[in-house]
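Trainee: Could you take me through one part of this model closely? I would like to start from its open spaces and then see what surrounds them.

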Amino acid sequence: MKKKRLLKNKSKKSLKKNLNRIYKMSNLFNYDVNLQPAVMDIRSETLEPISSATNRFVFRLDQTGELDANSVLLFKAVSLQGDNSLDNLLRVNPYGGGLLAIKRATFQVGDYILNDVNDIGKISSLVDLGAVNKASQSKYNSHYFQNNFHTKTLDSAGNGVGLSTETQFGGAGTITYDRHRSAFDFGEPNNTDVGTRVNNCIITRDSSTSHQIGIPLGNIFPCLKGQTIPLFLFQEYRILLTIEFHDCALWVNQATVSTAMTCASGLVVPQDVKLQVDYIIYPSEVQNAMRQQTAQQGGLNLVFPDIIKIEKQIPLATADTEQKVEHRLGMDNKEVHKIYMLKQLDRAGTPNALDKILLNARCDGMNQEEYNVNIDGVDVFVEPKFAPSSQYNETSYCLGGDLSVPRPMYFNDENTIMSRLADSKGGLLGKMKPLCLDLSNGSAGFLGSGRQIGAYPIIWKYKRRPCGNTVSKSTNSPTDQYIQADLTGALNVDYFVYCSRTATIMSSSSGTMVNVAY
């Protein structure tokens, strides 16, 4: 009996080995590939606004497919001038173009807000375009925004870029705005702005002859950056996009010396405003998989950035006198990733020729300024950020790349002013100097990669010692070393805070439920 049992077990083992050998051999000849469904359809539609008021337009999206960052907001800038006195004199700003026209963008699902960002065109011109080479911007982004901005370095007079026609207080080696290659010619600064004209993309009185401007939705809705929004999951909700435009004085230049090259308020308005939407329709297997996630415990979570704008003021200062302020930013129970401090000298509604090149994109820098940030009672930096190079590094950390502007547009210290690296009256000196704080911790993904803020507000500690305006000796004299800009004015400060936001989509017997929270 034992002998028979042993033979039986041995035969079972040998059979099992043979089956394993056959299975392994069959794998060698198995050329089947497990392909995931990859057939995708894109449905494009041109949407007209369902509601339009003065500079405010509302669009309704279908609950179909997914929305990505490549859909485009289209509009034309049209002059309301009744006669032809301003024909060929108006154009969108050469630095930020039509992107500066967007004042507010809201992405709404039912009663829930995914994004609602004020002054989105201003912060987008920094975050999305700041780290991009200006030559590349003029070649690529100008197709959408109509921006076209170039600079040049002056040499001796008589070579087409001479001192007598291109600068008021500069000299050889000074970096100036290239009025011939850029979108707008602001004229000869040392000759009462003679030769002012529009080089291209003129704003006309007829929408049929004005150039069309396109703003990709990824530039004005942070929730679309790096991901898509599944519109097909919001069957029970209305999906609305609301776009509000700035007054034209913040984004249109006018070739008239008396207005400091700034368009008069209300003279230019957006017309033919529409939305070119691409609905990305994935295979049914992919959509069903997402629907199944909404039925699971916790539902489907969409994590995306949101931008909160906080407005503050800094009062008038005394020249060469230290001024300290503290601004409290309430970010209760929010995960903060980055903070951008953008400030502008208060012009009290009066256009200034120093602001003509950047208009609303400008961020005025001081000759001496420093900052530190206190979170939960502890300063982020051991010592305040004082050196412009250290401040520049922090800006680069936030942007994810070096801020790509000519050096004197960021560095506005006394050495830069005195060396005339930029003309103090040329509209470039210190016009792009944001102060930034990067709170990301290096973790993968967006949620969990920032700094969690408690109930205690963030305290931004700011200090400046502004210089006064001093003019000594003759204009454009090589021995004149005392030309300075007056930086003592009051400041309008905008803080743009990037924080995490989560939309939870859950399905139940009564339908789909959406909840949006920080």
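**The largest pocket and its surroundings**

Mentor: The largest pocket holds about 610 Å³ of space. The model is a predicted one. A total of 28 residues line this pocket, and those closest to its centre are Ala249, Leu250, Gln344, Asn360 and Arg362. Two elements give two or more residues to the lining: strand E20 (335-345) and strand E26 (491-508). By class, the lining has eight nonpolar, 11 polar and nine charged residues.

Four cavities of 30 Å³ or more are counted. The largest cavity has about 200 Å³ of space. Its lining is made of 19 residues, with Glu166, Thr176, Tyr177, Pro189 and Gly426 nearest the centre. Strand E10 (residues 175-177) gives the largest share of that lining, three residues. Here the classes divide into eight nonpolar, four polar and seven charged residues.

Step back to the whole chain for a moment. The protein has 518 residues, and 51% of them count as buried. It contains eight helices and 27 strands. Take the contacts with a separation of 6 or more: 74% of them join residues 24 or more positions apart. The exposed surface comes to about 23600 Å², and carbon and sulfur atoms supply 50% of it.

Next, a sheet. Four strands form an open sheet in the order E19-E25-E21-E22, with antiparallel pairing. Its edge strands are strand E19 (323-329) and strand E22 (378-379), each pairing on one side only.

Look at E21 within that sheet. Strand E21 covers residues 369-375. How many of its seven residues are buried? Seven are, and the strand is mostly covered. In a regular strand, side chains alternate between the two faces of the sheet. Both faces of E21 are covered. On one side, Glu369, Tyr371, Val373 and Ile375 are buried. On the other, Glu370, Asn372 and Asn374 are buried too.

E21 has a partner in strand E25 (residues 458-464), with six bridges in the antiparallel sense. In that pairing, tyrosine 371 has tyrosine 462 of E25 as its bridge partner. E21 also pairs with E22, again antiparallel, over two bridges. There, isoleucine 375 is the bridge partner of valine 378. Asparagine 374 stands opposite aspartate 379 of E22. E21 and E22 form a hairpin with two residues between the strands. In that hairpin, aspartate 376 takes a positive phi near 55°.

Threonine 321 sits in the loop between strand E18 (300-314) and E19. Is threonine 321 buried or partly exposed? Its relative accessibility is 38%, so threonine 321 counts as partly exposed. Leaving out residues up to four places away in sequence, threonine 321 touches Arg464, Arg465 and Pro466. Threonine 321 and proline 466 are 145 residues apart in sequence, yet their C-alpha atoms are 7.0 Å apart in space.

Another strand to inspect is E15. Six of the seven residues of strand E15 (residues 239-245) are buried, so this strand is largely enclosed by the rest of the structure. Which strands pair with E15? Strand E3 (residues 56-61) pairs with E15 in the antiparallel sense, over six bridges. Strand E7 (residues 102-109) also runs antiparallel to E15 and is joined to it by seven bridges. Leucine 61 has isoleucine 239 as its bridge partner. Valine 109 stands opposite isoleucine 239 as well.

Finish with a helix residue. Methionine 290 lies in helix H5 (residues 284-295). The relative accessibility of methionine 290 is 15%; the cut-off for buried is under 20%. Methionine 290 therefore counts as buried. Beyond residues up to four places away in sequence, methionine 290 touches Glu66, Pro230, Phe232, Leu233 and Leu300. Take one of these, proline 230. Methionine 290 and proline 230 are 60 residues apart in sequence and 8.9 Å apart in space, C-alpha to C-alpha.

Technical notes
Residues numbered from 1 in each chain as written. Predicted model: local features only at pLDDT ≥ 70, side-chain atom pairs only at ≥ 80, totals over all residues. Heavy atoms only, no water. Buried < 20%, exposed > 50% of the residue type's maximum accessible area, 1.4 Å probe, protein only. Contact = heavy atoms within 4.5 Å. Areas by Shrake-Rupley, 256 points an atom, 1.4 Å probe, with all protein chains shown as cover. Pairing = 2+ DSSP bridges. 1 Å grid on protein atoms, 1.4 Å probe; cavity = no way out; pocket = protein on both sides within 12 Å on 5 of 7 lines; lining within 4 Å. Points joined across faces, edges and corners; volume = space filled by probe spheres on them. Nonpolar A, V, L, I, M, F, W, Y, C, P; charged D, E, K, R; others polar.
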